[in-house]
Amino acid sequence: MRAPRTDRFRAGIFHGLLLSCIVISAAMLVTLLLDITLDGAGSLSFDFLTNSSSFKPELAGIWPALMGTLWLMAIVTLFVVPVGVAAAVHLEEYADPTRWWNRVVEVNIQNLAAVPSIVYGILGLAFIVRGPLSLGPVVLAGALTLGLLVLPVVIIAAREAIRAVPPSIREASLALGATQWQTIYKQVLPAAIPGIATGVILALSRAIGETAPLIVIGAASFVAFAPSSPNDVFTAVPIQMFEWISRPQEEFHQLAAAGILVLMAVLLAMNSVAIWLRNRYERKW
Amino acid sequence: MLTQVAPRVVEERQTRPSAPVFALEGVQVLYAGVPAVAGVSFELYENEITAFIGPSGCGKSTLIRCLNRMNDLIASASVTGRVLYRGVDLYGDDVDPVQVRKRIGMVFQKPNPFPKSIYDNVAFGPRVLGAAKDSLDEIVERSLVKAALWDEVKDRLRSNAFGMSGGQQQRLCIARALAIEPDVILMDEPASALDPISTAAIEDLMLELVEDYSIVIVTHNMQQAARVSNRTAFFDVDLDGGRRVGRLVEYAPTETIFTNPSDQRTREYVTGKFG
Amino acid sequence: MRERYQQELAALEQAVLGGIDMVVGQVDRVVEALVHQDVELASFVIADDDRIDGRYLEVHQGILSMLALQAPVAEDLRLVAALLPIVKHVERMGDQCVNIAKLLPLSGREAPRSDELVETLVRMGQFARSEVVQCRAALASRDAALAEDLVARDREVNRLQREVFRLALEAGEDYETREWAMHMTLVARMFERIGDNAVDVGEQVAFIVTGLFREFSDSSAPYSPSPG
C-alpha cells in the first residue's frame with residue numbers, strides 16, 4: 001500500500017525546498033560569523049578590552065563602551081521587567097476587554113512594537129534628555145529610551161505567557177479561597193516565567209544593538225572613561241563601532257570587528273542567564 | 001398478614017433528612033440576560049450526598065457553580081433568587097465570594113493539579129489562608145490520608161504532581177480541597193475523565209467523606225448517582241416558548257427516583273427511553 | 001472496592017439466612033406443640049409469623065433497591081435474583097408452620113388416638129427441620145452438592161407422609177378418631193410441603209453456583225401409592 005508516485009514526488013520536492021531554506025539561512029549566518037571572526041579575532045586582547053578609545057589603533061580599547069553597554073542593559077532590565085509584567089498582568093487579568101479604552105491600549109501596544117527606533121530616539125531627546133525630565137545625555141536617559149523601545153516586546157511576550165497558563169489552574173486556585181491577586185502572584189506568574197524570560201531575552205537582544213536612538217539622545221562617541229553612575233555621560237559598543245568604522249584607517253575597521261565579537265559575547269552571556277532562569281522554573285513543572 | 005406489616009417496613013427505609021445546608025429559593029441563572037436555569041427551589045441536607053442528574057444542557061453544572069459563586073468568573077452570568085447557605089444568602093450584598101469558597105470547596109471534571117509538587121499542591125490552600133508553617137506537614141498528611149492517597153505518595157511528596165495517574169491526580173485535587181477544611185464539597189463530574197477502577201476508588205472515597213462533609217455531585221452517569229447518592233435531583237430542559245431553559249423536575253431520595261419516580265419525565269430518563 | 005455495595009449484598013444474604021433461622025425455630029415449636037398438645041405454643045407460632053412476613057418484605061425491598069441502585073452482575077446478580085424466590089419459599093415455609101399450628105387445637109384436648117401416628121409425624125417434623133437447616137447451610141456455603149442431597153432427604157419425608165396416610169386409615173372407626181386422623185394427614189401434608197420448599201431453595205442455590213436452573217425432582221412424576 002505504498003503512496004502513489006505523484007504524492008511521493010510532491011512530498012519530496014516540498015521537503016527539499018524546506019531543507020534548502022534552512023541551508024541558505026545557516027550558510028549566510030556562518031559566512032557572516034566567519035568573516036567577522038577572521039577580521040576581528042586578531043585584535044582581541046586584554047588591552048583591547050581595558051583601554052579607552054584613542055587616535056592610535058594599537059592603543060584603542062573598548063572598555064568605556066563596554067561598560068556603557070552593560071550599564072544600559074542593567075537599567076533597561078530593571079525598568080522593563082516590572083513595568084512590562086505589571087502591564088501584561090493588568091491587561092490580562094484585570095482589564096475588562098469590552099471597554100473601549102482597553103481595546104485602544106491593546107491595538108496601540110501592537111503598533112508601538114513596530115515603530116522605527118529613531119522615533120524613540122527623538123522621543124527620548126524631547127522628553128527625557130530635555131523637556132520635562134531634563135536628565136541630560138546620561139546613562140539613565142539612554143536606558144529609559146531603550147526601555148521604552150523594547151517595552152512593547154516584553155508586554156506582548158508576557159501577555160502570551162500569562163494567557164498560556166490554563167484557566168483550570170486559575171479556577172482551582174480560586175475555588176480554594178484564594179483572591180485574584182494571590183492566584184496571579186502564586187500560580188499564574190510562576191507558571192508564566194519561562195515565557196516572560198523569553199520576552200526579556202528578545203527585548204535585550206534588540207536593545208543591545210540599537211545605535212540610532214542613542215546617537216539622537218547624545219551618547220558621546222569619544223568618551224575616555226566608563227560611566228560610574230546613571231548620571232554620567234556615556235558611550236555604547238554600537239556607537240563606538242560606528243565611530244571606528246567611519247575612520248579611514250584599516251586597523252580601526254578590524255577593531256570594529258573585534259567590537260562586534262565582544263558585543264556578541266555579552267549578548268550570549270545575557271541570554272544564557274535568561275535561559276538558565278527559564279530552565280530553573282521550567283524544571284519545577 | 002403481609003399487608004399489615006408492609007407500610008411500617010417501607011417507611012423505615014426512607015432516609016430521614018438532617019439539617020438543611022443549602023436552601024435554594026426561586027434561583028434563576030442568566031447568561032447575557034437569557035435564562036439558562038429557572039425557578040429552582042429545594043433544600044440540600046447535611047452529611048448527605050446529593051446528586052444532580054439530567055441530559056446535557058439542563059443546567060446542572062451551572063447550578064452547582066452557584067453554590068460557591070464560581071459563576072462570578074463568567075462575566076455575562078447573573079443569578080437571581082436566593083441561595084441560602086446555613087441561612088445566609090450567598091449572593092447578598094456584603095458577602096465576599098472568597099470567604100464563600102473557603103467553606104464550600106470544589107473538585108472539577110478534569111483533574112487540575114498545580115504544576116508544583118504534591119506537597120505544595122495540598123499546602124497551597126492552607127498557606128493562602130495563613131496557616132502556621134510548622135502545621136503544614138500535619139495538614140498535608142491528614143488531607144492525603146482522608147483522600148486515601150497518603151500510602152501511595154508518602155515517599156514522594158516533593159515530586160511533581162503530574163507524575164501521577166489520572167485517578168491519583170483527582171484524589172490529589174480532593175485532598176487539596178480538604179486541606180482548607182471546608183464544610184461542603186462540590187464535585188462537578190469528578191469521575192467522568194477517569195477509568196472504571198479509579199471511578200470506583202473516588203466513589204468509595206465519597207462514601208467515606210460524607211460522614212464528615214456534605215457533598216453535592218453533578219454526574220451524567222446515572223448509575224453513579226444510583227450507587228453513591230442519598231438524594232437525587234433530576235433536571236430537564238424545557239422548551240419554554242422556543243428557548244431552552246433548565247428546570248428541576250423531581251427531587252427525592254435516590255431509591256425512590258430509581259425504583260418508583262413520580263414524574264413521567266424522570267421515568268423516561270432513568271429507564272433510558274430518552275437522551 | 002465498592003465497600004458499601006459489598007456490605008449491602010452481604011446484609012441482604014444475612015437477612016435471608018436469618019429468615020430461614022426463624023423458620024427453623026417455628027418448626028421446632030410446632031413439633032413441640034404437637035408432642036405436648038400445647039395450644040398456647042401453637043398460638044405463639046401463629047403470632048410470630050409476622051416476623052417472617054416482615055423479613056420477606058424487607059428482603060423484597062432490598063432486592064429491588066440493590067438491582068436499581070447497584071446494578072450487580074455475574075454471580076452477584078444470580079445471588080440477588082435467586083434470593084427473591086428463596087425468600088418467598090421461606091415465607092411459605094413460615095405459613096405452613098402457621099397452618100400446622102392452626103390444626104393443633106382442632107385435634108382436641110384429649111390424648112391423641114394413635115401414638116404411632118404422632119411419633120411418625122414428629123419424625124416427619126424433625127426431618128423437615130433438618131432439610132431446612134441443610135438448605136440454609138447450602139446457601140451460606142454455596143454448596144451445590146449439599147443442595148442436591150436435599151432430594152434424597154426429601155424422599156424420606158415423602159415416604160413418611162405415605163406412612164402417616166396409612167396409619168390414619170387404620171386409626172379407628174369412631175367419628176372423633178377419624179376426624180383427628182384426617183387433621184393429622186393435613187399436618188403431614190404441611191410438613192411435606194416444608195420439605196418441598198427446602199428442596200426448591202436448594203435448586204436456587206445450585207443456580208447461584210452453576211448459573212443453570214434445574215429442577216431436582218419433577219413434581220409431575222406419577223404418584224406412587226404406599227406399599228401394603
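1. By class, six charged residues, three nonpolar and one polar make up the lining of the largest cavity. Here Ala, Val, Leu, Ile, Met, Phe, Trp, Tyr, Cys and Pro count as nonpolar, Asp, Glu, Lys and Arg as charged, and the others, Gly among them, as polar. A cavity is a set of points on a 1 Å grid over the protein atoms alone where a 1.4 Å probe fits but cannot get out, and lining residues have an atom within 4 Å of a point.

2. Please keep in mind that this is a predicted model, in which local features need pLDDT of at least 70, side-chain atom pairs count only at pLDDT 80 or more, and totals for chains, interfaces and linings use all residues. Residues are numbered from 1 along each chain as its sequence is written, chains are lettered from A and ligands numbered from 1 in the order written, and side-chain values use heavy atoms, leaving out hydrogens and water.

3. Who lines this cavity? Among the residues are B:Glu203, B:Arg227, C:Arg2 and C:Tyr5. At least two lining residues come from each of α8 (196-209) and α9 (222-228) of chain B and α1 (3-36) of chain C; helices (H or I, at least four residues) and strands (E, at least two) are DSSP runs, numbered from the N terminus.

4. Now for a strand to look at in chain B. β1 (residues 20-31) pairs with β2 (residues 34-45) in the antiparallel sense over eight bridges, where pairing requires that DSSP finds at least two bridges between two strands. β1(B) also pairs with β4 (residues 77-85), again antiparallel over eight bridges.

How values were computed:
On a 1 Å grid over the protein atoms alone, a cavity is a set of points where a 1.4 Å probe fits but cannot get out, and a pocket is an open set with protein on both sides within 12 Å along at least five of seven lines; lining residues have an atom within 4 Å of a point.
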